Each structure stands twice: as C-alpha cells, then as structure tokens.
2 protein chains.
Amino acid sequence: MEKFEINILGCGSAVPTMRHGTSAQLVNIHEKLFLVDCGEGTQTQIWKSGIRVTNMNHIFISHAHGDHFFGLVPFVSSLTLMLSRTDDLHLWVPFDLEEPLRHDFQHYCQLSFKLIIHPFDTSRKTLLYEDKEMKVETIPLSHGIPCCGFLFCEKPKLPVLLPDKCRAYGIPQRELGKIKNGAGWMMEDGTVIPNSELTTPSDFMPRRYAYCSDTAYNPQMIPQIEGVNLLYHEATFISADEMLAVKYAHSTAAQAATIARDANVEKLAIGHYSLRYNDEKPLLAEAKTIFPNTEACQEGMTISL
Amino acid sequence: MEKFEINILGCGSAVPTMRHGTSAQLVNIHEKLFLVDCGEGTQTQIWKSGIRVTNMNHIFISHAHGDHFFGLVPFVSSLTLMLSRTDDLHLWVPFDLEEPLRHDFQHYCQLSFKLIIHPFDTSRKTLLYEDKEMKVETIPLSHGIPCCGFLFCEKPKLPVLLPDKCRAYGIPQRELGKIKNGAGWMMEDGTVIPNSELTTPSDFMPRRYAYCSDTAYNPQMIPQIEGVNLLYHEATFISADEMLAVKYAHSTAAQAATIARDANVEKLAIGHYSLRYNDEKPLLAEAKTIFPNTEACQEGMTISL
C-alpha cells in the first residue's frame, strides 16, 4: 500500500518545554510531504527525525497563535541556509497571518526559492490543494480567533481493467486508457459494450486524515470528518479542568473522544497537552473510556494509516 | 567572590541542528541576569539549564541575522504564557531591528508586562546599561550589517574604611558613609584628615567579559577589550576555509586567537561554529596554537570569571 503516515514533531501547547515541542506534524502521502503547523523548534525536530524535506512543497498553518507558527520563518529561512532549496514553496495561512508573515519574510530572510503565500478564510470548508491522487481541505474550528483544521484525503483509484474481457472484444492496447477512465467500447456492428463489463471497481479504499487543533468542543465538524481513518484532535485539558477548556476555547480529552466516537472515526490521536500536566496518561485514560482506539501522541511518533 | 558567570545556551551558527543551538548566552553578574542574543530554541535551553529568569530584566541582541534573534519573540511571549511576568523588560537592539520587532510583538504577543525597546547605534562604543556595581557597553564589530558585541564590566569597589583610624579621629558612625565615598574628615580645630589616611583601596579587581559575535577579523576592537578576563569570540571557520570567513564576514579560529593574544585577555572561549564541521576539536586546536588558554564552547557549559 502506498505510504500515508503522520510524523509527530511537536504535540505540546503554548510553550516548548523539555517534555514537548509545540504543534507541528509532517504528513507523508505517497512520498509527498506536507508540513502542518510549525511551532518553535520544528526544524530541529525535522533534522532529528532524519526525514528529508526536499519533497515538501506545501506548509499549512492552522491559526495565528505563536505555538503553531513561531518556527515557520526560521525553518523556511533554513531551507535556504542549509539546503539551498530552489523549488517553489507554497505556504497556506489564515487571512490574518498573511500580512505579518509577509513582513517577517521580507525583513528576516533572503530566500533562494519562490515562496508563494496563499491566504484563506478559516470560517468555511475550502479546498486548498488537489492533485491526481489526493486533496487537502480546511475544517472550520472554534477557537476564538480564525482557526481551522485540515483534512487530507486520498482520491478513489480508477477501476481495474478485466484483461480477458478486453481481449475477447478485441480492444486494442492504445484504447485501454479510455476504458480505464470510464469509456465503453463500440463494436464494429455498432453494439456498445458498457464500461461495467470491461472493468471492475478498484478495491482501494481512499484514506483520510483529519487534523483538528486548536478547538473548543465543536460537533459541527462531525459531518466533514465522519469515518476518517485517523483523527488528530487536541486534548489540552482533562475533564476536571473543563472550565479552563471553556475559558481558552480548547477541548478536554473526553470531548476529543466524544467527537471521535460520534464521527465514527477509525482511530483517535490526542495532543496539544497543557503545560500543567507532567504526564499524559490521565488524558489518554479519560479519552479511552469514551473511545478505546485512542493513542497519546509523543514527539518522534509515526502513525501509519 | 560575587558571581560572574556565563551560561552557554547556544554556540552554533546559521541554523539550529542536533549538535548545536544558535547564539544565546545568559550572563549572571551578582545574580542579575542578562540574556545576550536569542536564537531559535533559546527558551528550551533555558528551561533545560534550570536557571530561573525572574531576575533577568535586560536582553541584548547583537544584530539582525535570524540565528541571533529568532527565539526572541517566542521567549518573550513565554514569559507571559508560562511565567506570568509583571516586571518591566528591557530589550536592547540595533536600530534596524527596532521596527520589525515592534511589529512582531504587536502582532504576535499580548504581554503581561511592559516591554521597553531601546534601539542603539552599533557603529560606535555606547554605554547601554549601568548600575552601582556594573555596566554594559557595545563593542563595534565588522559583519557587513550593523552588528556589535557587548562588554560587561564590574565597577571598582569603594575603598575599605580603616576602623582604628576612624575611631582615633572620633568620626561618628553616621559620617562613615561619606568617608567610604571618598570624603576627608575635618577635625574641630579645622585640620582636614585626607581620605587616604582613613581608608585603604579595595583589593577587589573588577572583572570584564567581552562577547564578540559575529565579526570578521577586526583588530580595531583590541583597545576596548584589552585585558578582559574572558573573551567570547566567534570562530566560525578553520583557517583552511579562510576564504569563506572573508566572504561571509566571519572569523577563523586562528583569527579569534590572534585577537585574544593581541588584546592580552586572560581566557578565550570560541563558538559560532559553522554547520560544515562535525567536530570542533580542529577549531580548538588551531586557536590553542596561538592562544593556549582557549576553551571551545558547548551548550550547557558555564564559565566563571
């Protein structure tokens, strides 16, 4: 199966500490890399992971809180200083981050490549990136300031040709591409053989990954993330501190698990842990009582879909 | 002896790697802390060091290259988010960094304390900070963009009272402060006892620390740093790569040691190592052939004066 994996670079909140970096993940889909958020120190985590970022052409930032982007200008700057990058780099940011980041790149960096900044509206579902194999769209979140998550989706594969049938009807090699793309076949006598007789649907199940950080408990996201293979959902607090979650527009571990359960996702990964906890086990235990297939993220962890 | 020590938080150059952080040091003089430069990840190094920064009220930035200040906005932001600081914080930056940093603090932080930014001219020696015990002045450097080092100086101590003499001349307790500050004593008959008869000079030798990074070989600094107890001087390259040192306005280890020798300093500490070296031993060896009392900095190292 082609690669679809998430590398956790940072899963703490607010401030990088000795226990956790701030938010950052690398998403690898068929060897195309996407960086999601970029807290301070993200580049060091990337060097540590050993992952080569030459094939990383898109960076997505969820919102304008420093723990999600303070590592961005330094990292992009290092792509010149250390890697002498020349390929275009696409940066997708909420509208309110566009001007400040343009300012910083202008004042602090002399890049060896073209940086293309795409601002977007976080308040509605928007298709940001698409190619033949996959797409990325925003997931509107509820966090007090413009903020969204990202949904990474593989596309369905084309149907599989039935070689015996194609041969039996005398379809020449050069026409098989059209059949694969859905066409029927017209015989010399004018009879049309429907595509369904010449192909069988691919048994490939497109996979989906939803990144949802930061957000208050926000069941509006459920229809969009229904049935995803993996949901990363912030779980900043335990339920005993739910008042803080409400105050700061974050979620508890129980709320993250409730979203996962109600959206029938396959697996939940929690992160964005508050500084106040020295141990994430209680957060994990709390989530598991509601949604057993939950994992607590740690830096350096890879999750495969 | 009162504390005068340097804690090395980062001594690499250009980009933080797994081997080195970028430039940052904490200078502790009599338990007053001063942060010098603040590359990305400086705050994590500080938390790791266990040093409490409640008594750090001044930050000095040498120049506008990212490896010397990319950690500044994140760190200052964390003083609110993690430490709920309320004391004023003074930030000393070259003129060309003032506007961009004001922009960033305005857009990215809501601070719980007053941040006072003091821009300065790097092209001439300037007194930045002074109190009863010490002072900090700039050291003009040569680096292609406005750039300076910092000279931390203890002040001489007041002379020591000779108690027998003071008693013999009947000087009352309440007058001793004046004598300590240099006054003579007038007897009832009008005779003046000179201060030199009532006191003896303190045997305290004021210590000085010079931080010089980044700079090309720059002997103009020598008169200002003559005889300092410790010189931190960048040594980005080995002599074999001197062409690169010239090109990028940096120094070789031999040049750093030559400055140390010609300025008759007590001890040299080198740092700001280029990414191209996986081992600093050749840099240290090269410097020691010219100036034997050289140390190669590493993160976490403390140097006491």
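This is a predicted model: local features need pLDDT of at least 70, side-chain atom pairs count only at pLDDT 80 or more; totals for chains, interfaces and linings use all residues.
The expected span of a helix is 1.5 Å times one less than its number of residues.

Residues count from 1 along each chain as its sequence is written, and chains are lettered from A in the order written.

**Helix α3(B)**
I checked its length: 14 residues (95–108) should span 20 Å, and the end C-alpha atoms sit 21 Å apart, which agrees. I found B:Leu97, B:Leu101 and B:Asp104 buried (20 or more other C-beta atoms within 10 Å of the residue's own, C-beta placed from the backbone). Their cover includes α3 of chain A, plus α2, β5 and β6 of chain B.

**Sheet in chain A**
I traced an open sheet of 7 strands, order β7-β8-β9-β14-β15-β16-β17, with mixed pairing (a pair needs at least two DSSP bridges). β7 and β17 of chain A stand at the edges with a single partner strand each, so one side of each lacks a neighbour in the sheet. Inside it, β8 (134–140) and β9 (148–154) of chain A run antiparallel over 7 bridges. I noted A:Cys148 in β9(A) as the bridge partner of A:Pro140.

**B:Leu231**
I listed what B:Leu231 touches beyond four places in sequence: B:Ala210, B:Cys212, B:Ile225, B:Ala260, B:Ala263, B:Val265 and B:Leu268 (contact: backbone-placed C-beta atoms within 7 Å).

Technical notes
Helices (H or I, at least four residues) and strands (E, at least two) are DSSP runs, numbered from the N terminus. Two residues are in contact if their C-beta atoms, placed from the backbone, lie within 7 Å. A residue is buried if 20 or more other C-beta atoms lie within 10 Å of its own, exposed if 12 or fewer, and partly exposed in between; C-beta atoms are placed from the backbone.
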